[in-house]
Amino acid sequence: MGSTLEIDKFLEPLAIDVQKLSGLAREMASTFGKLSAESSDMFLPTPISESILSPEVSAGQDGSDSGRYLAIDIGGTNLRVGFIELQHDLIVGDAGVPSTSRKLNRLLEHSWPIGESLKNENSESLFSWIGDRIAHVVRKGCDAFSLSPDQDLPLGVTFSFPMHQTSLSEAKLMAMGKGFAITSNLDLGGHLTTGYEKHKTADMPNIKIAAIANDSVSTLVSFICQFPAKAHQKAAMGVIVGTGCNATIPLKLSTLHESKRPASINVLPGQDVATAKIAVNTEWSINGSAPPLRKFGLINKWDEELDRAGEIPGFQPLEYMTAGRYLGELGRIMFLDYCINVLKLSVSTLPRKLRQRFGLTTTFLSHYYHNSPKGSMADQLSNEFPAEHPEFEWTKTLEAVLHKIAVAIQKRAAGIIAASTIGLLMCAEEIPEPGAIGKKDITELVVGYTGGCIQHFQDYLADTQAYLDKILALEFDGKAPIRVVLHPCHDGGITGAGVLVPAALASMCT
């Protein structure tokens with residue numbers, strides 16, 4: 001049953017190499033440039049200038065941002081609500097020069113899963129539920145911090161879905177995806193405020209939306225705020241590989257089509273908006289990124305089967321190939337194909353759960369390897385998918401096939417994320433063209449990452465970093481002037497929302 005050669009041949013459609021990824025990176029850079037200038041649903045600008053994101057401002061080195069700020073993070077899987085406390089301590093250096101050290105604390109934070117039934121509800125039901133959770137935390141804040149009911153409570157919002165923003169505090173929803181049935185063109189701030197008002201009591205303050213950002217934008221904000229960059233480093237972009245997949249990077253305003261440029265942009269007093277770079281939510285997983293993936297033969301029959309069964313076929317091809325909501329299902333599709341068409345097993349003999357859509361979870365595949373803390377592969381399989389038919393049993397061959405499938409899926413995903421990251425940094429002119437003179441003072445571009453999938457799925461994180469290094473080595477013939485380094489930025493959604501509140505209040509719009 002199933003020789004190693006046979007399994008490897010079966011997995012060839014997922015095969016990648018550095019040459020292919022290098023070509024993909026260059027093609028992505030070109031595609032991203034076109035999407036920035038032309039697409040209406042990708043490369044969505046936020047009214048946040050790079051100057052607002054700078055460490056000197058986001059870190060509030062004068063201590064002006066000290067305080068507690070209400071923040072929420074509406075993700076594809078969970079809702080989190082809490083207070084972000086920003087504090088500053090005076091430090092005297094070796095030379096006797098005083099400086100401030102910033103502390104960030106998360107207080108009264110609560111997290112709730114967003115159930116499938118809620119995802120399928122109408123917008124009023126979903127946002128009423130969210131408003132109830134906000135009111136729950138605000139009530140605790142009133143008790144703990146003696147919040148005045150007469151003073152509006154500014155709220156920072158992270159929202160893990162596409163949206164159009166006309167100002168930092170306003171956003172219109174687009175089609176959400178990730179299993180949500182909410183339609184587009186809804187006023188996010190208005191729905192959150194209405195939902196909260198349904199559940200607040202008279203002794204609680206009103207909320208006022210101060211800042212709204214996509215989760216990848218908030219991750220970048222949080223990362224730049226907290227990352228202790230050295231002179232040769234730049235916190236260049238943020239990437240999320242969790243339930244979904246997305247990235248944010250500052251881009252020149254001039255690279256965006258005029259129709260997408262925000263009517264107002266938060267900049268520092270005295271800054272010329274014409275020269276500003278603004279944070280752009282790329283939504284790089286939406287279908288505009290499909291042509292490069294197809295050009296290099298990275299979309300195969302299994303991807304297409306997964307796509308056809310989705311809520312919106314063709315909507316997010318890159319996400320289907322890289323993100324946590326889908327990788328387990330992709331593995332299930334591939335495993336069934338191997339069992340039925342290679343091993344000639346009858347589909348009716350396979351465990352019922354394996355025959356159900358999303359029956360094989362990404363979480364299960366993440367920890368399915370030799371010497372896993374979850375137990376042996378044999379035990380994991382028999383516990384998760386017990387044999388139900390007398391003609392079926394878990395064999396060493398089936399154990400090995402599923403593990404090889406998981407690894408192949410993960411390596412391709414890591415390669416695609418690495419190539420897309422290099423491509424986006426090229427598009428932003430952070431990585432020079434081979435032979436061109438780059439920014440000699442910056443030799444390391446640091447990418448803040450978050451998301452359970454890239455952290456826990458097999459060797460996703462380590463392989464992504466390895467591919468980043470290999471792509472740049474190939475591009476520059478082993479003499480890359482710059483390195484791209486992944487650095488953790490966990491909980492960036494809720495911390496970024498909190499950090500944005502004082503930045504939004506202190507900045508000016510132009």
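Modeller: Let's begin with rings: two rings of Phe, Tyr or Trp (for Trp, its six-membered ring) make an aromatic pair if their centres lie within 6.5 Å, and the planes are stacked under 30 degrees, edge-to-face over 60 and tilted otherwise. The model here is predicted, so local features need pLDDT of at least 70 and side-chain atom pairs pLDDT 80 or more, while totals for chains, interfaces and linings use all residues. Residues are numbered from 1 along each chain, and side-chain values use heavy atoms, without hydrogens or water.

Colleague: How many aromatic pairs does that rule give?

Modeller: The count is 12 aromatic pairs. Take Phe159 and Phe161: their ring centres are 5.0 Å apart and their planes meet at 55 degrees, so this pair is tilted.

Colleague: Which pair is stacked?

Modeller: Phe335 and Trp394 form a stacked pair, with 5.9 Å from centre to centre and 20 degrees between the planes. To place them, note that helices (DSSP H or I, at least four residues) and strands (E, at least two) are numbered from the N terminus. Phe335 is in helix H12 and Trp394 in the loop between helix H14 (377-384) and H15, so the pair links parts of the chain 59 residues apart. Phe335 is buried, at 1% relative accessibility, and Trp394 is buried too, at 15%. Elsewhere, Phe10, Trp302 and Tyr338 form one aromatic cluster.

Colleague: What does a nonpolar core look like here?

Modeller: The general idea is that nonpolar side chains tend to be buried together in soluble globular proteins. A core is a set of buried Ala, Val, Leu, Ile, Met, Phe, Trp, Tyr and Cys residues joined through side-chain atoms within 4.5 Å. The largest one has 96 residues, and Trp284, Ile431 and Tyr460 have the most contacts inside it. Helix H15 (residues 396-427) gives the most to this core, 18 residues. Another core lies apart from it, with 35 residues, including Ile72 and Leu192.

Colleague: How many disulfides are there?

Modeller: A disulfide is a pair of cysteine sulfur atoms within 2.5 Å, and the whole structure has 0. The sulfur of Cys453 is 8.8 Å from that of Cys245, its closest cysteine sulfur, which is too far for a bond. Cys489 is in no disulfide either, as the nearest cysteine sulfur, that of Cys225, is 9.3 Å away. Cys453 is buried at 5% relative accessibility, and Cys489 is buried at 4%.

Colleague: What lines the largest pocket?

Modeller: On a 1 Å grid over the protein atoms alone, a pocket is an open set of points with protein on both sides within 12 Å along at least five of seven lines, and lining residues have an atom within 4 Å of a point. Here the largest pocket is lined by 49 residues, of which Thr77, Gly242, Thr243, Gly244 and Gly452 lie nearest its centre. Among the elements giving two or more residues to the lining are strand S3 (78-92), helix H8 (215-226) and helix H18 (492-506).

Colleague: Where is Asp17?

Modeller: Asp17 sits in the loop between helix H1 (4-10) and helix H2 (18-38). Asp17 is partly exposed, at 37%. The C-alpha atoms of Asp17 and Ile471 are separated by 9.7 Å, although these residues are 454 apart along the chain.

Methods
1 Å grid on protein atoms, 1.4 Å probe; cavity = no way out; pocket = protein on both sides within 12 Å on 5 of 7 lines; lining within 4 Å. Buried < 20%, exposed > 50% of the residue type's maximum accessible area, 1.4 Å probe, protein only.
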